[in-house]
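User: I am new to this structure and would like a close look at a single part, the sheet. Could you walk me through how its strands are arranged?

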Amino acid sequence: MNSKKVDFSVGLFVLIGLLAIVYMAVQIGGSRFLGSDLKSVTAIFTNVGGLSSGSNIMIAGVKIGTVGPITLNQESLKAEVELRINDDIELFDDATASIKTNGLIGDKYVSIYPGTPDLGLELSGPIVDTEPAIDIEGLISRFAFGDVTKEEGK
């Protein structure tokens, strides 16, 4: 009888330990048990210039989500970026998105201006008012070698 109590206690201890390990793995992996508190918004850019899936999305310097898959629209030849942002963030019809860089050569991230709440229109489609990434290499080469268009104009 005493052996059954010990076996039950050890089994219960092992079960609780396994549940704790599974819970920690899910929390560290960023997943959730039930549903998700993220919503998906698409932004259309002419040039994503080094932005990658998993990059941060920020409003006023505060992280509100991550970048999902980046695909090329075959008809318009523009990049469609899936933005996975917190569900409690409201975006309005005049929302804008721009690709910024942390420092001079840091990681790329998406900065969002959520729009004007006074307009009363929630964002219903993709964000089309976007600002592409700055081409640092192009700027450096133009600075180092001069502007080719000025040479042709003279």
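Analyst: Here is a walk through the sheet, strand by strand. A word on the source: this is a predicted model, in which local features need pLDDT of at least 70 and side-chain atom pairs count only at pLDDT 80 or more, while totals for chains, interfaces and linings use all residues. Residues are numbered from 1 along each chain as its sequence is written, and side-chain values use heavy atoms, with hydrogens and water left out.

Let us begin with the overall layout. The sheet is open and has 7 strands, in the order β1-β4-β3-β2-β6-β5-β7, with mixed pairing. At its edges are β1 (38–45) and β7 (130–131), each of which pairs on one side only. Strands here are DSSP runs of E with at least two residues, numbered from the N terminus, and two of them pair if DSSP finds at least two bridges between them.

Now to the hairpins. Strand β2 (residues 56–59) runs antiparallel to strand β3 (residues 62–72), and 4 bridges join them. Ile59 stands opposite Val62 in β3. This hairpin has 2 residues between its strands, and Ala60 takes a positive phi near 55°.

β3 also pairs with strand β4 (residues 79–86), again in the antiparallel sense, over 6 bridges. Here Ile70 has Val81 in β4 as its bridge partner. The hairpin of β3 and β4 has 6 residues between the strands, and in the turn Leu77 has a positive phi of about 55°.

Staying with β4, which covers residues 79–86, we can look at some side chains. Glu82 forms a salt bridge with Arg84, their closest N and O atoms being 3.1 Å apart. The term means a side-chain nitrogen of Lys or Arg within 4 Å of a carboxyl oxygen of Asp or Glu, and by this rule the count comes to 1. As background, side chains in a regular strand alternate between the two faces of the sheet. Glu82 counts as partly exposed because its relative accessible area is 23%, and Arg84 is also partly exposed, at 34%. For these words, buried means under 20% relative accessible area, exposed means over 50%, and partly exposed lies in between (1.4 Å probe, protein chains only).

Finally, let us visit the edge formed by β7. Strand β5 (residues 96–101) pairs with β7 in the parallel sense, over 2 bridges. The bridge partner of Ala97 in β7 is Thr130. So the mixed pairing of the sheet includes antiparallel β2 and β3 as well as parallel β5 and β7, which pair by the rule of at least two bridges.
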